[in-house]
Amino acid sequence: MPDFLLLGTIELRGPGRTAVDPGPPRQRTVLAALLVDAGHWVSAETLIDRVWGEEVPPRVRASLYTYVSRIRRALATTAAPLPTGDGIPADAPRLRRGRGGYLLDVAPGRVDVHRFQDLVDRARSAGRSDAERAALLSEAIGLWRGDPLAGLPGAWAERTRRSWEQLHIEAVLAWADAEARTGNATAVIGRLTGLVAEHPLVEPLTVALMRALHVTGRPSESLTRYAALREQLAEELGTDPAAETQRVHQAILRGESLLPASGPPARPAAAVATGRAVPAQLPLEARGFTGRQRELARLDAVLAPAVEGPAAVSALSGTAGVGKTALAVHWAHRVADRFPDGQLHVNLRGFGPSGTAVAPDDALRGFLEALGVPAQGVPADLQGRTGLYRSLLAGRRVLVVLDNARDADQVRPLLPGSPGCFAVITSRDRLTGLVAAEGAHLHVLDLLTRLEAQDLLVNRLGEHRVAAEPEAVEEIVTQCARLPLALAITTARAAAQPGFPLSAVAEELSASQGSLDAFDGGDLTTDARAAFSWSYQALSVPSARLFRLLGLHTGPDISVPAAAALAGLEPRPAHGLLVELTRAHLLVEHAPGRYGLHDLLRVYAAERLSAEEPEREREHAVGRLLMWYLHTVDATCPHFTPGRQRFPLTPLPASCRPLDFSSCEQAVTWCESERSNLVAAVHHAVAAGRTPIAWRLAASLWGFFYLRSYLHDWLDTARSALSAARLSHDRAGEARSLSDVACALAETHRYEEAIEYFREAMAIHRTLGDIHSLAEVMANLGYAYRFHGRPDRSVEYCRRALAIYRVHGREWGREGNLWANLGDSYERLGRFDDAVACLRRALPVLRTEGDRWGEGFALDVLGTVYRRLRQHDVAVENYRRAIRTHAEIGNRFGQAHTLGNLGTAYLENTEEGKARESWRQALDILGDLDHPEADALRSKLNAITCPRPA
């Protein structure tokens with residue numbers, strides 16, 4: 001039996017089927033919103049929409065984190081107590097946090113609604129006997145315990161409830177049909193009677209009950225049911241019963257048998273509460289389609305057994321412009337009459353330059369509306385839409401054309417599951433996952449044959465015009481490399497100029513300097529250069545220049561200010577050029593103000609750059625962009641690491657303006673949005689030989705990476721900068737990069753390695769006479785020794801750093817941080833009076849320096865000193881002040897660290913409940929950050945949550 005129950009009241013089951021409290025209504029809604037997508041990532045935005053709808057409170061994310069934390073605790077009790085090495089039961093479901101949002105890692109079979117859908121799908125699969133179908137459907141229906149999601153508030157819960165009720169009715173109708181085929185119609189009367197009372201206007205339920213009553217010798221009751229239905233329809237809807245209902249009524253009046261034939265069930269009644277819509281969504285065929293006889297025959301061969309058998313899938317794979325869509329649409333029109341219940345079509349834009357890929361749930365919305373589901377009846381979530389979609393296709397013959405798919409995951413929810421349906425997919429991806437899991441038939445399209453290419457020209461330009469210039473035709477076919485899209489574009493241009501000889505078209509192609517001469521069958525070179533060139537040539541001169549320069553950008557996307565820096569423009573005119581490129585389908589605005597190049601367009605832009613842009617300008621553009629990133633990152637540093645040494649930077653051109661930030665929140669938001677680009681920029685600077693930019697940019701990112709615990713990015717960029725500095729013999733850059741590598745290693749608890757890097761950095765700083773940097777490395781070395789279990793050495797290096805500070809002046813602004821670090825070292829040595837003295841000296845200096853980061857750290861250490869002195873209330877107060885300070889600057893790791901210390905204080909004061917809550921909050925943050933300290937804290941929490949027996 002499932003352990004997670006949604007088909008009724010929300011319930012959880014622990015070992016021995018014991019009930020586990022799922023929490024208050026809002027928490028149960030969060031749990032349900034995760035369970036409907038069990039095993040899949042759900043974004044925080046989706047969860048918020050499902051749980052709060054339009055009534056979003058001011059601190060909704062904090063509320064969501066709280067509910068998630070409580071759900072994690074509840075989940076830990078749903079597994080048998082078989083602890084693994086990390087203290088978590090072996091079969092415990094895990095609620096994970098990542099970039100994709102939240103993932104409830106639980107087997108779908110443990111969730112009743114997923115178990116229900118699996119049983120229904122199995123019952124509908126081909127080859128089942130009526131008895132097997134009846135048994136599977138009976139088990140599925142038995143999972144229902146009342147109204148699904150009972151007691152959950154909100155619009156999402158209500159929409160989901162309605163969609164699941166429709167699936168339930170469809171399952172009951174299929175079960176009633178299967179039971180009747182086995183001669184067991186009596187078994188369905190009770191359940192159908194109850195459902196008819198709940199849904200008196202759903203005609204298929206009354207028809208099924210009428211049939212069951214009639215075949216079991218109760219025709220008068222059957223006629224009474226019909227009369228009641230007709231009266232209610234007239235009163236409430238002003239309509240008569242449907243034609244199928246009237247036919248059954250007439251058959252009962254004539255005393256005819258209504259026993260169904262054995263074997264597969266007849267096509268079921270129309271979907272609940274929807275019309276029998278017959279969609280016809282196929283796009284127009286491409287004019288002049290020719291050839292592909294072998295591929296058409298292969299599609300026909302797959303279709304032949306599929307019309308009466310299980311649903312089949314054919315996937316057309318091939319490079320850009322090879323004619324996948326044209327073939328699929330042509331074949332679909334050719335066989336449309338074999339699908340009398342309709343044809344569905346969607347361009348999924350998986351590799352399209354004109355927009356982002358279509359999400360499966362958006363595609364399903366379009367399909368459901370085409371199948372007659374009113375907009376308000378479309379389920380809100382992917383699971384509900386998929387279930388309703390497949391229910392509507394059950395027993396129907398529908399052709400589904402899924403064009404330009406990105407990958408198997410994008411199309412899986414869109415595949416029909418019923419016999420008689422057929423799906424044809426086009427994609428640049430080979431979709432091997434569908435071949436392996438769904439048994440799809442893969443057809444890989446190659447270039448046209450030379451004869452097929454010539455036939456295409458005949459169909460588009462006319463036989464007489466083609467026959468008149470055979471040499472020109474041969475040259476055109478050669479230049480277009482038999483690629484259908486290139487041929488189509490070329491012939492369109494020729495058709496628009498009927499007076500032009502084809503030899504002129506051939507000469508133009510030959511003179512195009514590589515636009516069409518590299519179609520050699522490879523994925524990135526066999527592209528639609530001709531299509532790109534026509535769009536490119538129509539651009540204004542400034543837009544064409546910006547498009548070329550975008551080929552230099554190595555990050556995944558680019559913002560308006562960054563694009564302006566790349567081109568040496570003000571942001572306003574740069575934005576206008578980006579809009580022009582987007583309208584020309586040469587650029588995609590995948591998020592407001594953020595633009596990306598399709599991979600093929602990136603190749604084309606790079607080719608145009610190499611061909612048209614002088615090398616000097618390319619160098620200037622790269623320099624402007626990298627310097628803009630460096631200047632803007634430098635502007636974040638006062639918010640992340642106040643008092644830390646900043647580097648003198650070369651001024652930017654007047655038109656190239658770095659961003660400025662008025663708050664830490666603004667700085668964090670920008671760094672988060674640009675994170676991938678910033679990492680790419682460091683590597684780009686290294687590859688371009690711009691070592692000073694590379695190490696300065698990596699060093700300036702130190703505070704952001706530490707603040708958000710992006711340890712992999714931190715170590716990656718620091719090591720890349722170090723390699724570049726060593727290769728270019730940049731001793732200052734080498735020393736700074738050594739220190740950055742060491743700091744990142746220390747955060748991953750690799751203290752011995754960190755100490756060696758710090759020592760190497762100190763030696764170089766001494767050689768260079770850089771006293772400031774030497775003192776900073778000494779302080780960091782003290783940090784590494786402190787956490788490596790050598791607080792005595794830590795005190796030594798902290799005091800040496802302070803001595804340098806006192807001798808060489810106070811303008812560095814690091815005094816407060818140094819006193820705080822020394823206080824931490826004294827605390828670890830048990831010299832509490834010295835520790836308090838240092839920390840109390842540090843705090844006012846840190847506040848004067850505006851170093852909130854250091855202030856939060858000092859308050860945390862002060863709390864630990866008082867905890868060890870058994871002054872519980874003072875310790876708790878300092879910890880709480882530290883947590884507030886961390887939160888105000890977005891230092892989530894600092895929050896987690898201090899919450900962990902606060903939990904220890906509560907535990908030592910025998911306040912286990914408060915200790916558990918603090919540690920759980922800390923663990924939620926560490927889990928979100930994927931921090932290595934999460935496992936140790938999880939073990940501590942498990943030790944007090946599930947104590948071992950004495």
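This is a predicted model: local features need pLDDT of at least 70, side-chain atom pairs count only at pLDDT 80 or more; totals for chains, interfaces and linings use all residues.
1. Overall content. The chain has 950 residues, of which 54% are buried. Its secondary structure comes to 42 helices and 14 strands. Among the contacts in the chain with a separation of 6 or more, 67% are between residues 24 or more positions apart.

2. Description of the helix pairs. Two packed helices are described by the angle between their axes and the distance between the axes.

3. Helices α4 and α5. Helix α4 covers residues 112-124 and helix α5 residues 130-141; their axes come within 8 Å and cross at roughly 165°. Because angles over 145 degrees count as roughly antiparallel, α4 is roughly antiparallel to α5. The crossing of α4 with α5 is left-handed. On the α4 side the contact involves Arg115, Phe116, Leu119, Val120, Arg122 and Ala123, and these meet Arg133, Leu136, Leu137, Glu139, Ala140 and Ile141 of α5. By class, the residues of this contact divide into 8 nonpolar and 4 charged, with no polar residue.

4. Helices α8 and α9. The axes of helix α8 (residues 203-215) and helix α9 (residues 219-236) come within 7 Å, at a crossing angle of roughly 165°. The pair is therefore roughly antiparallel. Its crossing is left-handed. From α8, the residues Glu203, Thr206, Leu209, Met210, Leu213 and His214 take part; from α9, their partners are Pro219, Glu221, Ser222, Arg225, Tyr226, Leu229 and Leu233. The contact of α8 with α9 has 7 nonpolar, 3 polar and 3 charged residues.

5. Helices α38 and α40. Helix α38 (residues 852-868) packs against helix α40 (residues 892-908) at an angle of about 15°, and the axes are 10 Å apart. Since angles under 35 degrees count as roughly parallel, α38 and α40 are roughly parallel to each other. The crossing of these two helices is left-handed. Asp860, Thr864 and Arg867 are the contributors from α38, while α40 supplies His897, Thr898, Asn901, Thr904, Ala905 and Glu908. The residues of the contact of α38 with α40 comprise 1 nonpolar, 5 polar and 3 charged.

6. His553. This residue is located in the loop between α23 (541-550) and β12 (558-559). Is His553 buried or exposed? With a relative accessible area of 7%, His553 is buried, because the category applies under 20%. The side chain of His553 reaches the backbone oxygen of Asp557 at 2.7 Å. When neighbours within four places in sequence are left aside, His553 is in contact with Ile558, Arg602, Leu625, Tyr629 and Asn677.

7. Ser533. Helix α22, formed by residues 529-537, contains Ser533. The relative accessibility of Ser533 is 4%, so this residue counts as buried. Ser533 and Tyr604 are 71 residues apart along the chain, and their C-alpha atoms are separated by 8.7 Å.

How values were computed: Residues are numbered from 1 along each chain as its sequence is written. Side-chain values use heavy atoms; hydrogens and water are left out. Helices (H or I, at least four residues) and strands (E, at least two) are DSSP runs, numbered from the N terminus. Buried means under 20% relative accessible area, exposed over 50%, partly exposed in between (1.4 Å probe, protein chains only). A polar contact is a pair of N or O atoms within 3.5 Å; within protein, one must be able to donate a hydrogen and the other to accept it, and residues adjacent in sequence count only if both atoms are side-chain atoms. Contact means heavy atoms within 4.5 Å. Axes are lines fitted to C-alpha atoms, for helices over the stretch in contact, and angles run from 0 to 180 degrees between N-to-C directions. Angles under 35 degrees count as roughly parallel, over 145 as roughly antiparallel, 65 to 115 as roughly perpendicular and the rest as oblique. A crossing is left-handed if the near helix is turned anticlockwise from the far one by less than a right angle, and right-handed if clockwise. Ala, Val, Leu, Ile, Met, Phe, Trp, Tyr, Cys and Pro count as nonpolar, Asp, Glu, Lys and Arg as charged, and the others, Gly among them, as polar.
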